[in-house]
Amino acid sequence: MADLGRPPIPPKGPVSRKEMETIRRVYDEDMLNKKHCSIISPREDAQMFRNQDQHCVPAECITELYELLWRWGHRATDQPGFAKNFGFAISDTIIIDKGRAYAWYFISKRDGSLLRKSDQNLSLGAVEKKLCRDRTDNESPIAATWYPITSQFADARCLSPMAEFFTPSSCRVFLQCLTHKHSGVLQAFVEPQGVSNFLIRTVRYRDQTSLVVRTNRSLLASGRGPLFDRCATFEGWEGLSSSCSRYRSNTQPYMEDQILESGEMFNQRIEQEKVRQMLFLEPRQHVALHFKVSKDNMLYFIYASVVPEKEVILQTRPLLLMRDTCMTEDLPCQSLLPGGTQKKATPFEAPTCAKRWQERQKEAQAALEEMRSLLQGDSETDRERTKRDNSLPPVSTVSAISQDTARGYSDTGSSRRRALSARAAGEATLLPKMGYSKPIVPAIPYQIHALQHSLQESGRYEITPPFVGNKEVPVKRPLVSTTTTTTTTAVVY
């Protein structure tokens, strides 16, 4: 996408504690009313499913953005196509102002640029010829979509703030019945990728751009029910569609990144062009952009609307939580947690602090020996000359012992460390060791007799056969007997 030469918007700081508390409160209040996973409440959901006339919700669009896109397209001269510069395209869009055609924007088939029809070619007859043509079997039966205009002034608004979907016949009737109370956008319907209609909404809040995909639950072409219930996404009641915070496609793994990049660039341009001040938006009102992926894998911009801050917070909440201080700052004492540090203790070795203490002790001992030799005035040669023949050999240092140990490891050819009990008695180690061998433990004064199991005697007491001992009084076989006595006396359980 092209850079239009405007300075980038400076990024905002981290989310403060007060704003994070506001985000949590909005989310908790929204989830408190939705009991048993309902959309509004169980009672109101049942009423909405029965009354199909109440499925429409206000869906007004910002018509000024189409003219801004047309101007931006003429400024961007890096690449000839509009979609190559901005990442998305626009279907045939007709702006209706007080019942008459005001502007018609379309994508050129020659070079892909965004163009605007002249006044000579701008008429309702040409619009009807373009949108109300006969459909083939492979095309969708929906011809166009109507979005009323949004405005802070009541006189500039349309009679109904609800969106509408038209077939070729109903679109022809709508064009014939236009009055001065009709102001909005009549747009050619973009066939979605898949069997159901969907829209992708992107919003920008606290320097974070998030998206949500809302897909209609009914089939678009062969579904049952009214046409609006089969097409509505953000234009209708939430029960008609399902929402997802990710756009996943096996054939388009890059499309989600393209949507986020296009939405972020578009929102930055809106802030730079002062669109909020032009529309007299309140601080708690935000601009939401709606996109759709067509069946030929092309991203289309559909319309932009004004949404309250509550919906923006609920959509951007997962991204905002990752900017909380509990997620960005270092966790105190994290090295004490399992896996919290890369410094692992080596088996059968002293800690690093103990090794440093030993090195300091050795350095101090060497310094004392050197100072003592300087004070006495004798050198090493004098001590060697006065050394007795029958004196003991010098004590091996720890480094010499460690070298011998290393040679022993290399001789064995194994890289594994030997156990502490298998080491030689003279090896140097900082771990405590006993000065005597393992004591002799006396044998136990009893012995256990293991009996052979018999399937026939399962679940019964193990007794001696009748031919052994007294046949009238059977004697139980001993299980445990003492080892000190030689008589037949035994302990029987």
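1. In this predicted model, helix H10 gives the most to the lining of the largest pocket, with six residues; helices (H or I, at least four residues) and strands (E, at least two) are DSSP runs numbered from the N terminus. Helix H1 (17–33), strand E8 (208–216), strand E9 (241–244), strand E11 (299–308) and helix H10 (309–321) each supply at least two residues of that lining.

2. The largest pocket holds about 1500 Å³ of space, the volume being that filled by probe spheres set on grid points joined across faces, edges and corners. Of its 40 lining residues, Lys34, Arg214, Glu238, Glu311 and Leu314 are the closest to the centre. A pocket here is an open set of points, on a 1 Å grid over the protein atoms alone, where a 1.4 Å probe fits, with protein on both sides within 12 Å along at least five of seven lines, and lining residues have an atom within 4 Å of a point.

3. The second largest pocket has a volume of about 850 Å³, and of the 29 residues that line this pocket, Ser91, Asp92, Ala188, Phe189 and Tyr300 are the closest to its centre. Strand E2 (100–107) gives the most to this lining, with three residues.

4. Ile448, in strand E12 (residues 446–448), is exposed (over 50% relative accessible area, 1.4 Å probe, protein chains only), with a value of 65%.

5. On the basis of the model, residues are numbered from 1 along each chain as its sequence is written. Because the model is predicted, local features need pLDDT of at least 70 and side-chain atom pairs count only at pLDDT 80 or more, whereas totals for chains, interfaces and linings use all residues, and side-chain values use heavy atoms, with hydrogens and water left out.

Conventions: Buried < 20%, exposed > 50% of the residue type's maximum accessible area, 1.4 Å probe, protein only.
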